[in-house]
Amino acid sequence: MIRLLLLALLVVTLQAKEPPNQNAQFFKAFKVLKTYFVRSQDRIHKEYMQTRTPDNIVGYNVKDLASITSCYTDAATPLAKAVAAQIPLFKEFKPKNQREELFLVHVRDMEMLHVLNVLDSLINCYNCKPKKATAHIFLDVIAFLYAPLINAHRAGLDVIAYLQQLHKEFSQKQLDGSIDKIKEFNMARLDEKREKHMIPRKPFRKRLVQDMDHAERLIRISRQEWYFWALSVLDTRLGGNLDEDRDNLVSSCRGGLSKFLDQNAQRIDPEHLFDLYTARVIPLERNAPFYDRLRNDNPKILKDTLKDHPTMCLSPKYLSAQSQQTCQQLFQAKTYNSKDIQEQLHLVRLVSIDESPCVYLDPKDKLQAFKSDNAICLELQTHLTKDVK
């Protein structure tokens, strides 16, 4: 009897244990990559210092540094691919055909480069360790970037057709990925930190600040700033076609690097994910100047701001409870500026409430609706023009 009781107790104990962390394999793969990266950085720095001459002890030669780095990136590539393969959000993407399977391969290839660039950019120098480069930061960026798209795919969106149309529209409108308003928002946060009067770090505000920072990094990476590790991997992928003068390529972002990305766009980014980066950043860029108006929950300011800029209501995760309540009232009374939402729909073609899909424009510019029980989404589906011109 005692043995049976002990056995029953053991079963109950095992059942009570928490399920294994679904992200465990990702964190394990990221740790392996980060460890290799940090150790390699130390070796790269030592080798680089050996290239200094008595006449140029502290001189900085980008070409030498890039050349030394390239000796380590071949070993980093499979480690970075392992990280991309274990990204939990990508495991939720269930390809419906061979073309979507290829799409997922390309997405993981891009994020393999992205994770190398995140490590490289956060370190920002070759004689210090990437203390801030954590797997959690990378996962946050991935969620910010891909969650709405993957959720929309699950709800029926043809992601390939969507991105192709997005690329066509962005090319026609010649969007340059400008993020001046986001930069101003982020600079204001830095000023507050220096002056030690930060706005209280409420969860919704903290999430907004984090995503503003992610948005700035994404656009810099997609349009301007690629570092030695990712560029070296690209060089291998493109068969050694990378510009030999890496001094110009790396240090002259708007010149050599932009030209290189444009000339090799189809091979580097066949799914037009750079345009997805831009589409995710646009809503934040449009509303960045107005978020600070909401911080004190003044009823009149809330109503006036959200009435004029109701696209802010589409991201309730960035809003206080009072702001969310004001949004509900404005949408119920239909007293919001619908033009603001129409403009965003025309720009990004997919409108979500946070990460939950609501409406999108198909390749024929017909408005399509997703199944939803969100009150604001249902209002949009009812009152947005059915034949968007």
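Predicted model: local features only at pLDDT ≥ 70, side-chain atom pairs only at ≥ 80, totals over all residues.
Local features require pLDDT of at least 70 and side-chain atom pairs pLDDT 80 or more, while totals for chains, interfaces and linings use all residues. Residues are numbered from 1 along each chain as its sequence is written, and side-chain values use heavy atoms, with hydrogens and water left out.

View 1. Rolling a probe the size of a water molecule over the atoms shows where empty space is left. A cavity is a set of points, on a 1 Å grid over the protein atoms alone, where a 1.4 Å probe fits but cannot get out; points are joined across faces, edges and corners, and the volume is the space filled by probe spheres set on them. Of the 23 residues that line the largest cavity, R280, P283, Q344, S352 and D354 are the closest to its centre; a lining residue has an atom within 4 Å of a point. Two or more lining residues come from each of α6 (135-154), α14 (273-287), α17 (338-348) and β1 (350-353), and α14 gives the most, with six. Helices (H or I, at least four residues) and strands (E, at least two) are DSSP runs, numbered from the N terminus.

View 2. The strands form an open, antiparallel sheet in the order β1-β2-β3, where pairing requires at least two DSSP bridges between two strands. β1 and β3 (367-369) are the edge strands, each pairing on one side only. The twist averages 20 degrees from one strand to the next. Three bridges join β2 (residues 356-361) to β3, and Y360 has Q368 of β3 as its bridge partner. Helix α18 (residues 375-383) packs on the sheet and touches β1, β2 and β3; contact means heavy atoms within 4.5 Å.

**View 3. The packing of helices α8 and α14.** Helix α8 (residues 180-195) packs with α14 at an angle of about 65 degrees, their axes lying 8 Å apart. Axes are lines fitted to C-alpha atoms, for helices over the stretch in contact, and angles run from 0 to 180 degrees between N-to-C directions. D180, K181 and I182 of α8 meet V281, L284 and E285 of α14.

Technical notes. 1 Å grid on protein atoms, 1.4 Å probe; cavity = no way out; pocket = protein on both sides within 12 Å on 5 of 7 lines; lining within 4 Å.
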